[in-house]
Structure formats: C-alpha cells, structure tokens
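Look at the charged side chains first. Then follow the chain through its helices.

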Amino acid sequence: MPRKKQLTDEERAEIEEAFELFDSDKDKQLDRDEFKVALQALGHTITKEKFKSIFRAPEDKLCSWEDYFELAQQIVLARDPKLETEKAFNLMSDDGKIGPRELRKAFKQLGETVSEEEIVAMIEEFDQDGDGKIDMPEFFELMMGDEFS
C-alpha cells in the first residue's frame, strides 16, 4: 500500500500543537528534553542515531522548528493507520471486546461527556454479532470505515 505524501490539516495541527506544548519558553526552539517529549507525544521514540544527527555536538542544545517539523512530518506520514487502530483497541479492551464500561472509561479519559443512551446506541450501531460489545473487526469498521474491509 503506497504511503500518502502530504500531511492532512489535522496532522499538521497535531505536529504544531506538540511543538507549542513543549516549547515551554516559547522561543520557537526545543531543547533536548523538550524535543524528545514532543516526539513522544506524537507516538515516536527517537533513535540515538537520529537524535545525534539533530544534536550533533554536546553544545547543540536546541532544535529549531524547521528541524522538528521535518522529522515530525516523516514520523506522522510513516504511521500505519491499521496498527494505530489496533493499538487503540488494545488500550481500551481488557478481554478482546469493548463494552459500555470500556467505552465510558475511554470517553471520560478524553474529557468527553457522553450519555448512557449514546454509549448504548454506539455499541448497537457497530455490534454486528449482537453480543453487546465491539470486537476488533467491528472496531476497525467503526474507526476506519471501508478503508480496511
């Protein structure tokens, strides 16, 4: 499957948000620690080699917005949506299924207020086998639509 070549507006905003969040002194540069944490916020742990290519010498303490953006863009464009969806499912599911309790907990962690009726309706809409829970294939359908059918 060919990789997409350009960031979506949402992905670009995610990269910018991570930079702004961790640029604690607002100088449009990230120090070594801020840089690592910003990349972790994007779901990436930088290799020592890549880190050394950005911070070439011990006195190199700052990473510019341009260097950060270039690397962050590569990371985001290389993401595997199927793998990320699988990870999200596994984070939410204790037993290979997502029921009302797990869905309620996920919305709470996201700071979203969702009524019990809405939770039940979501599960009913995507629960194809009628067991009252969402399994991995049903979750893929919910998250990815026809992309991975």
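Start with Glu116, which at 37% relative accessibility counts as partly exposed. Here buried means under 20% relative accessible area, exposed over 50%, and partly exposed in between, with a 1.4 Å probe and protein chains only. The model is predicted: local features need pLDDT of at least 70, side-chain atom pairs count only at pLDDT 80 or more, and totals for chains, interfaces and linings use all residues. Residues are numbered from 1 along each chain as its sequence is written, and side-chain values use heavy atoms, with hydrogens and water left out.

Which residue forms a salt bridge with Glu116? The partner is Arg104, and the closest N and O atoms are 2.8 Å apart. This pair links distant parts of the chain: Glu116 sits in helix α7 and Arg104 in helix α6 (residues 100–109), 12 residues apart. Helices (H or I, at least four residues) and strands (E, at least two) are DSSP runs, numbered from the N terminus. Arg104 is partly exposed, with a relative accessible area of 36%.

A salt bridge here is a side-chain nitrogen of Lys or Arg within 4 Å of a carboxyl oxygen of Asp or Glu. Side chains of opposite charge can pair when their charged atoms come close. The whole structure holds 6 salt bridges.

Another of these joins Asp131 to Lys97, with the closest N and O atoms 2.3 Å apart. Asp131 lies in the loop between α7 (116–126) and β4 (134–135), and Lys97 lies in strand β3 (residues 97–98), so the pair ties together parts that are 34 residues apart in sequence.

Now turn to Arg101. Its salt bridge is with Asp94, and the closest N and O atoms are 3.4 Å apart. Both Arg101 and Asp94 are exposed. Salt bridges that share partners join Asp94, Arg101 and Glu102 into one network.

Lys82 is partly exposed, with a relative accessible area of 40%. Lys82 and Met144 are 62 residues apart in sequence, yet their C-alpha atoms are 8.2 Å apart in space. Leu83 is in helix α5 too. Leu83 is partly exposed, with a relative accessible area of 44%.
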